[in-house]
Amino acid sequence: PDPTRPDPTGPDPTRPMFLLAALAFTLGAARLQTKAAVKPSGVGRGVAVTSTLPKSSFSRRIQLHSRKGLSSATQLVSSPLLHSKGQSLAPVSTFTTPIASSPRPENSKAPAAAQPHVAVAAEMPQMTLKDRLLAFRRNNRQVLGEFIGTFTLMFLGTAVNCVAGMGAINLVGVAIGWAFAIAMAVYVSGGVSDAHLNPAVTLTFALFKGFKWKMVIPYWIAQFLGAFAGSGLAFLDHKSGLDAFDAMNGVVRATTGAGATAGIFATYPAAHVGVAHAFFDEVLTTASLLMCVFALSDSKNMSPKGNVGPVIVGGLVALLILGFGGITGVAMNPARDLAPRIMTFLAGWGSEVFTAGNHYWWIPIVAPLIGGPLGGAIYNTFVDQPAENEKEVAASS
């Protein structure tokens with residue numbers, strides 16, 4: 001044998017260097033392909049795996065369980081080798097999630113196993129119907145409060161109107177009944193939604209009181225639905241009495257004339273009141289309502305102390321009913337008028353509820369939305385103290 005050449009049967013001196021180079025290349029490629037982060041998961045040893053492997057139609061679902069049975073995770077294992085040449089290698093959506101792994105013995109000298117290139121989808125506990133309802137209530141508490149407050153207002157107030165419409169009480173009784181209906185509705189929802197109960201109030205508070213504009217439409221929807229449900233329930237409860245009243249007067253669900261009962265639920269102008277007069281009256285009364293509400297809620301003015309505010313607001317509404325109820329019925333509230341008007345249309349009064357009074361139906365919707373901001377602007381212009389002048393006012397008094 002040639003002494004200058006290595007023995008072919010002996011160990012190759014270049015083999016260790018070749019293995020080290022191959023190992024370094026493999027680790028570098030793996031590092032470029034995946035990103036892994038180790039985080040404590042609270043269950044054994046937690047591993048958070050982020051994968052950008054391509055999707056595979058041959059993906060297998062493997063259920064991993066920790067040795068102690070503490071938790072599990074579903075892993076989606078993919079291999080780029082399983083793709084055909086014609087398939088596109090779209091990346092998997094990257095995310096991280098903790099999975100349980102068996103702890104390595106402390107005295108073990110064996111290297112930790114490399115994390116597989118996997119995308120982990122953590123199993124989420126399924127929500128029960130009760131959980132869903134509680135989550136919905138938590139996320140919509142203000143809107144739900146506005147709904148139940150408006151429902152309370154319309155259920156109690158419409159019930160008073162049903163009794164009055166059949167001749168049992170007069171206008172004074174109606175005013176007192178609505179005063180307490182307002183007070184009870186505010187007590188029900190005031191601590192949750194501030195008890196607007198009226199789209200005109202919501203709009204005015206958004207313009208002048210910092211109420212969030214994104215909540216205006218949800219409040220309007222809640223007020224309309226609450227008014228519809230409240231007036232509808234009052235109708236169902238008094239339906240037999242209304243049927244007897246119709247039979248006594250020889251009519252069936254009359255909107256105008258003798259024996260008319262549509263005015264129990266929605267407002268209609270008196271026969272001598274024209275469209276322009278009715279519009280002016282609704283603007284005037286709603287402006288008066290909001291101007292006084294601003295005063296009652298102004299801590300820099302003589303606002304009521306304690307929890308008597310709702311009763312005073314109810315007294316204000318009773319005053320407006322007594323003073324202006326004979327003109328248009330003082331709706332002052334688009335939801336209070338439109339929702340029960342639609343309810344009467346569906347309950348048998350027919351389309352005349354929209355044509356009576358020279359198509360009066362739109363006035364209780366549009367006029368309060370003008371009158372409310374007008375009343376707020378009047379109070380802020382003539383009475384309200386700017387925030388920067390509060391200290392000066394306190395010092396001078």
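Visitor: Which residues of helix 9 meet helix 10, and which residues in helix 10 do they meet?
Guide: In this predicted model, R341, I342, T344, F345 and W349 of helix 9 meet E352, V353 and F354 of helix 10.

Visitor: How do the residues of that contact divide into nonpolar, polar and charged?
Guide: The contact of helix 9 with helix 10 has 5 nonpolar, 1 polar and 2 charged residues.

Visitor: And at what angle do the axes of the two helices cross?
Guide: The axes of helix 9 and helix 10, the latter covering residues 352–359, cross at roughly 115° and come within 9 Å.

Visitor: R341 was in your list. Over which ring does its charged end sit?
Guide: The charged end of R341 sits over the ring of Y268, at 4.7 Å from the ring centre.

Visitor: Let us turn to aromatic pairs. How many are there?
Guide: The count comes to 12 aromatic pairs. One of them is F208 with F294: the ring centres are 6.3 Å apart and the planes stand at 80°, so this pair is edge-to-face.

Visitor: Why is that pair said to tie together parts apart in sequence?
Guide: F208 belongs to helix 5 (residues 199–208) and F294 to helix 7 (residues 275–296), so the pair links parts that are 86 residues apart in sequence.

Visitor: Are those two residues buried or exposed?
Guide: F208 counts as partly exposed, because its relative accessibility is 32%. F294 is buried, with a relative accessible area of 0%.

Visitor: What about F235 and W349: which kind of pair do their rings form?
Guide: Their centres lie 5.7 Å apart and their planes are at 65°; over 60 degrees counts as edge-to-face, so F235 and W349 form an edge-to-face pair. F235 is in helix 6 (residues 216–249) and W349 in helix 9 (residues 334–349), so the pair ties together parts that are 114 residues apart in sequence. Both F235 and W349 are buried.

Visitor: Back to F294. Which residues form one aromatic cluster with it?
Guide: F294 forms one aromatic cluster with F205, F208 and Y379.

Visitor: A change of topic: where does D243 lie?
Guide: D243 lies in helix 6. Its relative accessible area is 31%, so D243 is partly exposed.

Visitor: How many residues apart in sequence are D243 and R253, and what is their C-alpha to C-alpha distance?
Guide: D243 and R253 are 10 residues apart in sequence, and 8.4 Å separates them in space, C-alpha to C-alpha.

Conventions:
Residues are numbered from 1 along each chain as its sequence is written. This is a predicted model: local features need pLDDT of at least 70, side-chain atom pairs count only at pLDDT 80 or more; totals for chains, interfaces and linings use all residues. Side-chain values use heavy atoms; hydrogens and water are left out. Rings of Phe, Tyr and Trp (its six-membered ring) pair if their centres lie within 6.5 Å; planes under 30 degrees apart count as stacked, over 60 as edge-to-face and the rest as tilted. Helices (H or I, at least four residues) and strands (E, at least two) are DSSP runs, numbered from the N terminus. Buried means under 20% relative accessible area, exposed over 50%, partly exposed in between (1.4 Å probe, protein chains only). A charge sits over a ring if NZ of Lys or CZ of Arg is within 6 Å of the ring centre and within 35 degrees of the ring normal. Axes are lines fitted to C-alpha atoms, for helices over the stretch in contact, and angles run from 0 to 180 degrees between N-to-C directions. Contact means heavy atoms within 4.5 Å. Ala, Val, Leu, Ile, Met, Phe, Trp, Tyr, Cys and Pro count as nonpolar, Asp, Glu, Lys and Arg as charged, and the others, Gly among them, as polar.
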